[in-house]
Amino acid sequence: MSGDTCLGSALCPAAGHKPKAGGLKGSSLGNKYVRLNVGGSLYFTTVQVLTRHDTMLKAMFSGRMEVLTDKEGWILIDRCGKHFGTILNYLRDDTIALPKHRQEIKALMAEAKYYLIQGLVDMCQAALQDKKDLYEPVCSIPIITSPKEEERLIESSMKPVVKLLYNRSNNKYSYTSNSDDNLLKNIELFDKLSLRFNGRVLFIKDVIGDEICCWSFYGQGRKLAEVCCTSIVYATEKKQTKVEFPEARIYEETLNVLLYETPRVPDNSLLEATSRSRSQASHSEDDDGFELRDRVRRIHVKRYSTYDDRQLGH
């Protein structure tokens, strides 16, 4: 029998009272049960249970180690008592039901190591390894290593695809002052979108392409839109590469690509609404026969500009 009742003031040693130290032998205890105070939690068990296995508890209760007792006869063990009931159950039955959470298993294993209960330590280690093997990432992002791999991923995907190409080394000019920050913002937005829509959209990264920073959007194996985030600006007597962060445009195209989720067939009216701009809507009737779903919307942000965003003094 064991109990988890915390030690009250009536059971605590009196102020100024020093615990007694001495050796204990199973035959000298006289009683069937011994009383244990483990960090303020009270337990009742037998010497037979405590000495079944070759542990530190066996050394304590077979006379090989000194034990401390208070004036009321409680044997004091200066450890956390939270998992001591589980320790006793293992000593009784040689097996226990381990906690479900990793942190609880780790805490129990720490106690088992302190009491030198190797069998319980092995059980905890095996359980932690099993939980580690069952761990699954929130989402998996393929990184393209060849054009053929990209083609295979897009054609075989049953979901729409969003690809971010970023390759800083492609630049042959110097970068403007805000370009590094904007490149990082594009990468961070990609990570946020991949976490939010990972069950509905396949997100892939391309680090070998010819662009510096470019988003591509695919539906049912076909390229639907492209947002290029790099442009060339003309500074004094030289050219510079500028990286933009068109956040609203990227969000818009990501939401548009959800129209191509399978197995649902895209609605033509919705596709037309997301494919035709206001200027295109005013074109002549000769354009009405053009298949809008085959059109790729390529958005180049300030491809050529005379604006220099460098801060004064750069």
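Mentor: Residues are numbered from 1 along each chain as its sequence is written. In this predicted model, local features need pLDDT of at least 70 and side-chain atom pairs count only at pLDDT 80 or more, while totals for chains, interfaces and linings use all residues, and side-chain values use heavy atoms, with hydrogens and water left out.

Trainee: Why is Tyr115 called buried?

Mentor: Buried means under 20% relative accessible area, exposed over 50%, and partly exposed in between (1.4 Å probe, protein chains only). Tyr115 has 0% relative accessibility, so Tyr115 counts as buried. Tyr114 is at 32%, so Tyr114 counts as partly exposed. In the protein chain, buried residues make up 40% of the 314 residues.

Trainee: What makes the pair of Tyr114 and Tyr115 edge-to-face?

Mentor: Rings of Phe, Tyr and Trp (its six-membered ring) pair if their centres lie within 6.5 Å; planes under 30 degrees apart count as stacked, over 60 as edge-to-face and the rest as tilted. For Tyr114 and Tyr115 the centres are 5.1 Å apart and the planes stand at 80 degrees, so the pair is edge-to-face. The structure holds seven aromatic pairs. Tyr114 and Tyr115 also belong to one aromatic cluster with Tyr43 and Phe84.

Trainee: Which residues touch the most other members of the largest nonpolar core?

Mentor: A nonpolar core is a set of buried Ala, Val, Leu, Ile, Met, Phe, Trp, Tyr and Cys residues joined through side-chain atoms within 4.5 Å. The largest has 31 residues, and those touching the most other members are Leu36, Leu57, Phe61, Phe84, Ile87, Tyr115 and Leu120. Among the elements giving two or more residues to this core are β2 (33–38), α2 (56–61) and α5 (118–134). Another core, of 25 residues, lies apart from it and includes Val162 and Leu193.

Trainee: With which residues is Leu57 in contact, leaving aside neighbours within four places in sequence?

Mentor: Contact means heavy atoms within 4.5 Å. On that basis Leu57 is in contact with Leu50, Ile77, Phe84, Ile87, Leu91 and Tyr115, leaving aside its neighbours within four places in sequence.

Trainee: Why is Lys106 called partly exposed?

Mentor: The relative accessible area of Lys106 is 37%.

Trainee: What makes Ile143 partly exposed?

Mentor: Ile143 has a relative accessible area of 46%, so Ile143 is partly exposed.

Terms used:
Helices (H or I, at least four residues) and strands (E, at least two) are DSSP runs, numbered from the N terminus.
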